Amino acid sequence: MRKNAHSSPVYKKGPIRDTRECMHGKALILKLFEIGAVRFGSFPLKNGSTSPIYIDLKLIFSHPKLFIALAEALHAQVKNSSFALVCGAPYTALPLATAISIQHAIPMVLLHKDKSEYQALEAHRPKQLCLVVEDVISSGQSVLQTIASLEREGLSVEHIGVLIDREQGGRKRLEGLGYQLHALFTISAIVEALLAEALIDPTTAATVLAFLKE
């Protein structure tokens with residue numbers, strides 16, 4: 001139901017300039033932990049429960065080399081997918097989408113909040129494919145709101161790129177609706193990498209993994 005015919009150009013160009021930090025995979029996870037973007041403890045959630053892990057990706061914007069490395073790694077996850085535009089889910093993902101747009105010369109759609117809805121500010125052709133970028137996905141609700149705004153503007157969405165999948169039902173929900181999720185990391189992968197480096201203890205790792213199954 002998502003597969004709409006289109007004739008939009010697909011942007012798979014290399015970066016305009018090479019500002020990428022040579023960090024990949026595990027090195028990125030370790031750096032996120034180092035700057036405090038991944039923390040462990042007991043954190044209250046909106047539903048009244050607590051989480052043993054907290055992700056705060058706003059901190060990456062104070063670390064430009066890490067930020068660029070994450071944006072480039074995320075682009076590498078989605079570069080073989082078909083899309084002509086890129087849009088960041090408001091608001092934390094906007095800089096990520098901007099970095100991908102600039103580095104790879106992909107036109108960007110900026111959503112503007114008008115009353116209770118978001119509207120696209122840029123001109124575009126109907127049915128153009130737009131990649132949605134998000135920082136963290138839990139239930140997938142915020143991404144679906146972004147997709148709904150883009151679809152109201154006549155755009156089509158098939159692919160979603162996200163830095164971290166919290167593995168709390170978002171992937172299943174989105175894929176059940178016909179969208180394809182490309183996650184750079186999952187919480188499980190982050191926990192396993194930190195445990196392997198003895199940066200967290202086995203009890204902490206087990207607590208987080210058990211939480212994901214709840």
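Helices (H or I, at least four residues) and strands (E, at least two) are DSSP runs, numbered from the N terminus. The structure described here is a predicted model, in which local features need pLDDT of at least 70 and side-chain atom pairs count only at pLDDT 80 or more, while totals for chains, interfaces and linings use all residues. Residues are numbered from 1 along each chain as its sequence is written, and side-chain values use heavy atoms, with hydrogens and water left out.

**Overall composition**

The protein contains 7 helices and 8 strands. Of its 214 residues, 47% are buried, where buried means under 20% relative accessible area, exposed means over 50%, and partly exposed lies in between (1.4 Å probe, protein chains only). A contact means heavy atoms within 4.5 Å. Among contacts in the protein with a separation of 6 or more, 66% are between residues 24 or more positions apart.

**Helix packing**

Two packed helices are described by the angle between their axes and the distance between the axes. Axes are lines fitted to C-alpha atoms, for helices over the stretch in contact, and angles run from 0 to 180 degrees between N-to-C directions. Angles under 35 degrees count as roughly parallel, over 145 as roughly antiparallel, 65 to 115 as roughly perpendicular and the rest as oblique.

| Helix pair | Angle | Axis distance |
|---|---|---|
| H1 (residues 26-34) and H2 (residues 64-78) | about 140° | 11 Å |
| H2 and H3 | about 75° | 9 Å |

H2 is therefore roughly perpendicular to H3. At this contact, Phe-67, Ala-71, Glu-72, Leu-74 and His-75 of H2 meet Pro-95, Leu-96, Ala-99, Ile-100, Gln-103 and His-104 of H3. These residues comprise 7 nonpolar, 3 polar and 1 charged; Ala, Val, Leu, Ile, Met, Phe, Trp, Tyr, Cys and Pro count as nonpolar, Asp, Glu, Lys and Arg as charged, and the others, Gly among them, as polar.

H1 and H2, by contrast, are oblique to each other. On the H1 side, Leu-28, Lys-31 and Leu-32 meet Leu-66, Ala-69, Leu-70 and Ala-73 of H2. The residues of the contact of H1 with H2 are 6 nonpolar, no polar and 1 charged.

Helix H3 (residues 94-104) has 8 of its 11 residues buried, so it is largely enclosed by the rest of the structure. The buried residues of H3 are Leu-94, Leu-96, Ala-97, Ala-99, Ile-100, Ser-101, Gln-103 and His-104. Their cover includes H2, strand E3 (85-88), strand E6 (130-137) and strand E7 (159-165). After H3 comes Ala-105, which has a positive phi near 55°.

**Individual residues**

Leu-57 lies in the loop between strand E2 (50-55) and H2 and is buried, with a relative accessible area of 3%. Leu-57 and Ala-37 are 20 residues apart in sequence, yet their C-alpha atoms are 5.5 Å apart in space. Leaving aside residues up to four places away in sequence, Leu-57 touches Leu-32, Ala-37, Asp-135, Val-136, Leu-163 and Ile-164.

Ser-49 is in the loop between strand E1 (38-44) and E2. Ser-49 is partly exposed, with a relative accessible area of 31%, and touches Phe-43 and Pro-44, again not counting residues up to four places away in sequence.

Ser-149 belongs to helix H4 (residues 141-152) and counts as buried at 2% relative accessibility. The side chains of Ser-149 and Arg-152 are joined by a polar contact of 3.2 Å. A polar contact is a pair of N or O atoms within 3.5 Å; within protein, one must be able to donate a hydrogen and the other to accept it, and residues adjacent in sequence count only if both atoms are side-chain atoms.
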